[in-house]
Amino acid sequence: IMQSVQAYIHANLDRKITLQDAAASACISPGYLSSLFKRAYGENFVDYVNRTKIERACGLIREGNRRIGQIAQMLGFENAYYFSRVFKRYVGMTPTEYLR
């Protein structure tokens, strides 16, 4: 189950990923997926998704050929401001600071 959910997350990094959608992809309830996630990865579903997206963002930023707003949009964030807040929470600096 966890491998299929992980594959679902990686295949859908370009959009907003909800617990409900991921659970539906694995044909299980959201509550059950949530408890499986915590047990398997030691973090909640949203933290796992955000960390995965931010890891991908770091790679895209290092490539250097896209603007921060484009990267935020590519990874399904609502806007560049929210993306920057999430990025800073996981990396400890803003995307612009990371770029330098």
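A pocket, as the word is used here, is an open set of grid points where a 1.4 Å probe fits, with protein on both sides within 12 Å along at least five of seven lines. The model is predicted, and its largest pocket has a volume of about 250 Å³. Of the 13 residues that line this pocket, the closest to its centre are K16, I17, V46, N50 and Y82.

**Lining of the largest pocket**

- Helix 4, which covers residues 45–63, gives the most to the lining of the largest pocket, contributing 5 residues.
- Sorted by class, the lining of the largest pocket holds 7 nonpolar, 3 polar and 3 charged residues.

**Helix 1 with helix 4**

- The axes of helix 1 (residues 2–11) and helix 4 come within 10 Å and cross at roughly 45°, which makes helix 1 oblique to helix 4.
- Helix 1 passes helix 4 in a right-handed crossing, and V5, Q6, I9 and H10 of helix 1 meet F45, Y48, V49 and T52 of helix 4.
- The residues of this contact between helix 1 and helix 4 divide into 5 nonpolar, 3 polar and no charged.

**Helix 1 with helix 2**

- Helix 1 also packs with helix 2 (residues 19–26), at an angle of about 130° and with the axes 9 Å apart, and the two helices are therefore oblique to each other.
- The crossing of helix 1 and helix 2 is right-handed, and the contact is made by S4, V5 and Y8 of helix 1 together with D21, A22, S25 and A26 of helix 2.
- By class, the contact of helix 1 with helix 2 has 4 nonpolar, 2 polar and 1 charged residues.

Key:
Residues are numbered from 1 along each chain as its sequence is written. This is a predicted model: local features need pLDDT of at least 70, side-chain atom pairs count only at pLDDT 80 or more; totals for chains, interfaces and linings use all residues. Side-chain values use heavy atoms; hydrogens and water are left out. On a 1 Å grid over the protein atoms alone, a cavity is a set of points where a 1.4 Å probe fits but cannot get out, and a pocket is an open set with protein on both sides within 12 Å along at least five of seven lines; lining residues have an atom within 4 Å of a point. Grid points are joined across faces, edges and corners, and a volume is the space filled by probe spheres set on the points. Helices (H or I, at least four residues) and strands (E, at least two) are DSSP runs, numbered from the N terminus. Ala, Val, Leu, Ile, Met, Phe, Trp, Tyr, Cys and Pro count as nonpolar, Asp, Glu, Lys and Arg as charged, and the others, Gly among them, as polar. Axes are lines fitted to C-alpha atoms, for helices over the stretch in contact, and angles run from 0 to 180 degrees between N-to-C directions. Angles under 35 degrees count as roughly parallel, over 145 as roughly antiparallel, 65 to 115 as roughly perpendicular and the rest as oblique. A crossing is left-handed if the near helix is turned anticlockwise from the far one by less than a right angle, and right-handed if clockwise. Contact means heavy atoms within 4.5 Å.
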